[in-house]
Amino acid sequence: MSIFDNLVAGLGLVANFEAFLSLFIGVIIGTIGGAVPGMSVTMTVALTLPFTFAMTPITGILLLLGVYKGGVFGGSIPAILIKTPGTPASSATVMDGYPMAEKGEAGRALGMALWASCTADLISNLSLILFAGFLASFALSFRPPEFFTLILFSLTIISGVSGKSMLRGAFSAVMGLLLATVGLDLVYGTNRFTFGDPNLMGGLNFIAVLIGLFAIPEILSVVWKPGDAHDRTRGLGKNWVTFAEYKRSFKSIVRGSVIGVVLGSIPGIGAAPSAFLSYSEARRKSPKKENFGKGEIEGVAAAEAGNNGVAGATLIPLLSLGIPGDVITAIIIGAFMIHGLQPGPMMFVTNADLIYGLFIGLIVSSVFLFFIGSAAIRVFKFVADVPRSILFPSILVLCVYGVFAVNNNIFDVGVMFAMGALGFVMLRNDIPAAPFLIAYILGPMLEDNFRQAMLMSGGSPWILVSSPITWVFWGLTALTVTAIVRAGIKAGRNAVQKAVTEEG
Amino acid sequence: MKLSTLGLASALTLGLAAGSALAEYPDRPVNMVIPYGAGGATDISARTISEPLGKAVGQPLVMSNIAGAGGATGSVAVQNATGDGYTMLFARVGTHSVSPAMKATLPYTLDDFRFVAVYEINPIVCVTSPRSGITSMEELIAKIGDGGISYSSAGVGSLHQLSAVMIMREFGIQDPLSAATHIPQKSGGAAATAILNGTATFLCTNSSAVASFVTGGQLIPLMVTTENRVEGFDAPSAAELGRPSLHQLVGWTGIASPDDLPDDVAAKWSDWMADATQDAQFRERMEARGSIIKLMSPEEANAFIRGQYDTFRTLVDELGMRIEG
Amino acid sequence: MIKLHRQSVMGIFAAGLGGILSFIAIPRWVATPANVPNIVLSPLFWPYTLAGLCVLAGLGLIWVGLHSNERFNEDEGEVSGAFARVFFFSLIAIAYVWALPVLGMVWASVLAFAATAFLLKSDYPKLALVCAVLFPVVLYGFFAHVAGVAIPQGEFVRLP
């Protein structure tokens with residue numbers, strides 16, 4: 001059968017009212033679930049799963065995919081409006097989205113987030129359809145040594161999100177790496193900084209750390225300097241994103257989508273590193289570098305493109321190899337299996353109509369996302385007009401509910417407040433929080449893959465340079481580090497010159 | 001506004017409280033703790049039985065995932081709860097026979113729980129990648145003798161690790177710990193991926209976790225630990241290979257409570273489980289995933305779990321595998 | 001007495017943290033099996049690496065601080081009563097976490113909301129009180145009945 005025949009067969013499968021309706025409802029549920037901090041896309045998909053049992057396979061899976069797509073965008077709404085990422089993937093969006101909201105430009109930020117999300121989503125879905133086979137074989141060549149070098153390279157993005165001082169960014173990152181060592185050791189199962197407490201054995205809950213680091217310091221800042229007086233500067237603003245701005249950011253959006261597709265097709269990386277990588281690349285290439293972190297619309301576009309670019313690509317290893325790229329796709333695999341379908345290479349032969357039906361549904365989902373997202377922004381925009389003395393206590397309560405709901409554990413709420421205190425001290429001292437977060441995500445992966453590689457080779461370090469992929473990433477890392485060091489020396493020289501001129 | 005809301009709430013509560021004096025257990029929703037994350041094998045099994053079970057109980061079952069530390073975090077949450085029948089645990093082979101046998105610092109023991117049922121058995125299957133050139137257990141064991149063979153698992157102290165070691169030992173390898181390299185991964189899914197991409201040579205895991213890869217020809221099954229062959233796996237059973245002592249090496253899911261659960265409540269759970277496991281749709285869904293539905297009474301379940309624990313503990317002590325730190 | 005730049009103070013803190021980790025925290029709280037075949041595989045390897053990086057970052061910060069004239073957020077000027085308010089908020093947070101299992105999440109949230117709104121000197125005290133009651137109840141309805149989360153109920157007043 002040719003692709004065209006398959007497409008027709010697939011169209012026959014989805015061309016009914018229920019399939020599109022369930023996709024539509026899925027996007028709505030996902031947008032809402034993503035917009036509630038702590039609900040997270042994972043939990044929303046897990047909650048929707050039981051409803052798909054009674055549906056036909058294509059309808060049920062489209063419902064879940066709709067939730068997935070909606071959720072990844074939905075997370076950006078609270079990230080922009082209340083500095084609380086709805087999902088980990090939207091934490092990069094906070095960096096420029098929230099400053100824009102502070103300036104009364106929440107409408108522009110949200111609009112750009114939506115446009116970038118939809119564009120990246122479309123690119124990601126198209127790559128899934130066109131390159132699934134090629135990218136799938138690429139994904140399988142990622143073993144621990146390749147992962148190690150990829151993550152080492154990804155850690156260089158810390159320099160891109162450090163703000164004013166590289167050194168303070170590095171210090172922040174080291175703290176994040178240290179905190180991530182809490183828990184049970186991977187290779188020997190021994191305790192590290194757990195003090196015998198079973199709550200610490202699993203490590204600190206990531207969502208609790210994330211929300212504690214971003215949202216709680218913001219509440220504390222308002223406590224530090226309260227008052228409803230300067231409410232007028234906030235508010236959604238009449239501004240909406242213009243096509244000119246979209247065009248200006250288009251390069252960053254495409255770059256972010258490609259980064260998302262590549263990282264998404266490798267199982268186990270996830271959307272947050274992709275969003276940060278896309279953001280730091282956009283900053284590096286931008287002529288307005290200085291403006292990043294202070295409310296640059298291109299920063300929002302890059303971050304959202306980076307995380308939505310992942311959403312279609314994670315389906316590449318899922319559909320072509322049967323390997324879930326993250327927890328969300330692991331749940332979606334569960335849905336396939338309950339219907340007696342087994343994702344993998346055989347599925348393209350035995351259930352080609354279903355696969356092409358899904359492809360059509362995915363393309364349509366990008367369109368649905370655009371309309372539902374626009375509506376959601378209109379519904380949520382009132383949040384920006386709420387007086388601060390009402391808004392911030394509400395955020396406090398929302399964070400507590402949300403963090404508890406992630407793992408049904410009150411201990412996590414305590415972790416959130418403790419991280420909030422740390423985050424506030426960091427904020428007061430101009431130590432950026434983003435490197436901390438990136439290090440917290442990537443640090444354990446770096447260590448685990450390093451040790452797995454060492455186990456594979458029996459302790460020989462040569463395994464880390466054993467394949468072409470590792471050479472590429474070592475090269476990229478070397479290039480980036482050289483660029484960072486050169487920029488650092490230049491900045492240092494300028495500072496000294498400036499000091500000399502001032503003295504003289 | 002505030003007063004009326006409070007008034008409404010307290011009126012509702014009073015109504016409920018008055019009801020509870022008359023009604024017997026259960027008169028409110030039951031919190032069911034799943035000690036692993038959403039989407040995992042335990043989670044799907046738990047959510048599948050929650051439908052018929054909720055009907056039998058007559059009260060909503062609130063499913064709570066409390067994941068972390070290989071199931072220890074969630075198990076401890078139930079261990080510390082009151083044994084009033086409103087907090088129950090989905091116990092699993094990993095949390096209640098492997099971990100207690102392997103981990104010296106585990107914050108709970110088998111005595112802290114009362115098992116009301118075991119409802120699902122999962123055969124263990126050993127798989128390898130076609131690229132390894134291994135097609136039978138015999139060849140695998142021979143290659144292990146030559147050295148350079150590794151196996152993956154969902155982490156140190158997991159069922160996967162213990163299974164691989166126990167099977168190697170049964171097949172005559174005296175010191176399985178140094179004969180093959182253990183490469184632990186973060187999850188069961190990652191353990192299967194590690195075989196697919198060649199990070200490790202073989203993996204012994206729940207049949208359901210690798211069923212699709214075996215059907216698709218991406219993985220080759222070498223053996224199953226049950227007495228009979230398992231549908232969909234073209235591999236000899238432990239009985240055929242003459243290793244009947246491996247029959248004990250199976251995964252299971254059950255329901256446990258804190259140890260002070262009253263007898264009448266425990267009796268009710270036995271009845272409900274008997275009802276729920278009869279549900280045709282439930283059986284069909286579980287069997288489609290490669291599970292064997294087998295309801296054990298509390299006594300059978302206890303004997304089964306303790307027997308499995310003792311076997312594992314003996315092996316762990318003999319080999320010095322116990323995690324002390 | 002020489003007034004150190006804030007960056008140097010941070011550096012001293014970082015270097016000190018690295019030192020404490022290497023000499024006290026890691027030996028005491030990171031367990032390792034006795035027979036690790038290869039040093040890079042030891043559970044101690046990574047924490048010690050990080051402690052070293054921490055000292056390096058600290059030394060860097062001290063050095064840069066000695067040459068820097070960068071101004072910080074806090075130099076904007078003091079806000080009256082800021083420390084006292086942050087202190088009270090910490091008390092609210094501690095009481096909140098403590099009250100969650102005792103009062104239940106809903107009622108603890110009502111109190112925490114009201115206390116925080118008061119601390120923020122709300123211009124809309126009545127609205128704040130209404131929201132303090134309504135918002136946690138609505139969230140309870142959503143999380144408990146739509147999302148199916150077992151929200152802690154407390155020992156006194158149970159919600160349906």
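Angles under 35 degrees count as roughly parallel, over 145 as roughly antiparallel, 65 to 115 as roughly perpendicular and the rest as oblique. The exercises below apply this and other definitions to a predicted model, in which local features need pLDDT of at least 70, side-chain atom pairs count only at pLDDT 80 or more, and totals for chains, interfaces and linings use all residues. Residues are numbered from 1 along each chain as its sequence is written, while chains are lettered from A and ligands numbered from 1 in the order in which they are written.

**Exercise 1. Describe how helices H19(A) and H20(A) pack.**

Step 1. Helices (H or I, at least four residues) and strands (E, at least two) are DSSP runs, numbered from the N terminus. In chain A, helix H19 covers residues 388-407 and helix H20 covers residues 410-428.

Step 2. Two packed helices are described by the angle between their axes and the distance between the axes. Axes are lines fitted to C-alpha atoms, for helices over the stretch in contact, and angles run from 0 to 180 degrees between N-to-C directions. For H19(A) and H20(A) the angle is about 130 degrees, and the axes are 8 Å apart.

Step 3. H19(A) and H20(A) are therefore oblique to each other.

Step 4. The crossing of H19(A) past H20(A) is right-handed; a crossing is left-handed if the near helix is turned anticlockwise from the far one by less than a right angle, and right-handed if clockwise.

Step 5. Two residues are in contact if their C-beta atoms, placed from the backbone, lie within 7 Å. On H19(A), the residues that meet H20(A) are A:Cys399, A:Val400, A:Val403, A:Phe404, A:Val406 and A:Asn407. Their partners on H20(A) are A:Ile410, A:Asp412, A:Val413 and A:Met416.

Step 6. This contact of H19(A) with H20(A) has eight nonpolar residues, one polar and one charged. Here Ala, Val, Leu, Ile, Met, Phe, Trp, Tyr, Cys and Pro count as nonpolar, Asp, Glu, Lys and Arg as charged, and the others, Gly among them, as polar.

**Exercise 2. State where A:Asn408 and A:Phe195 lie, and whether each is buried or exposed.**

Step 1. A:Asn408 is placed in the loop between H19 and H20 of chain A. Although A:Asn408 is not a glycine, its phi is positive, about 50 degrees.

Step 2. A residue is buried if 20 or more other C-beta atoms lie within 10 Å of its own, exposed if 12 or fewer, and partly exposed in between, with C-beta atoms placed from the backbone. A:Asn408 has 23 C-beta neighbours inside 10 Å and so counts as buried.

Step 3. A:Phe195 is likewise not a glycine, and has a positive phi of about 50 degrees. A:Phe195 sits in the loop between strand E2 (191-192) and helix H10 (198-201) of chain A.

Step 4. A:Phe195 has 11 other C-beta atoms within 10 Å and is therefore exposed.

**Exercise 3. Describe the contact between chain C and chain A.**

Step 1. On the side of chain C, 58 residues are in contact with 52 residues of chain A.

Step 2. Helices H1 (6-29), H2 (45-67), H3 (82-103), H4 (105-119) and H5 (125-146) of chain C each give two or more residues to that side. H2(C) gives the most, with nine residues.

Step 3. By class, the side of chain C that touches chain A has 44 nonpolar, nine polar and five charged residues.

Step 4. One helix pair shows the packing: H20(A) and H3(C) pack at about 175 degrees, with axes 10 Å apart. That angle makes H20(A) roughly antiparallel to H3(C).

Step 5. In this pair, A:Ile410, A:Val413, A:Gly414 and A:Phe417 of H20(A) meet C:Ala93, C:Val97, C:Leu100 and C:Pro101 of H3(C). Seven of these residues are nonpolar, one is polar and none is charged.

**Exercise 4. Describe the two domains of chain B and how they touch.**

Step 1. Domain bounds come from an automatic or database domain assignment. In chain B, domain 1 is 28-121 + 250-319 and domain 2 is 124-248.

Step 2. The C-alpha centres of domain 1 and domain 2 of chain B are separated by 25 Å.

Step 3. The contact takes 19 residues from domain 1 of chain B and 21 residues from domain 2 of chain B. On the domain 1 side, the largest share, six residues, comes from H12(B).
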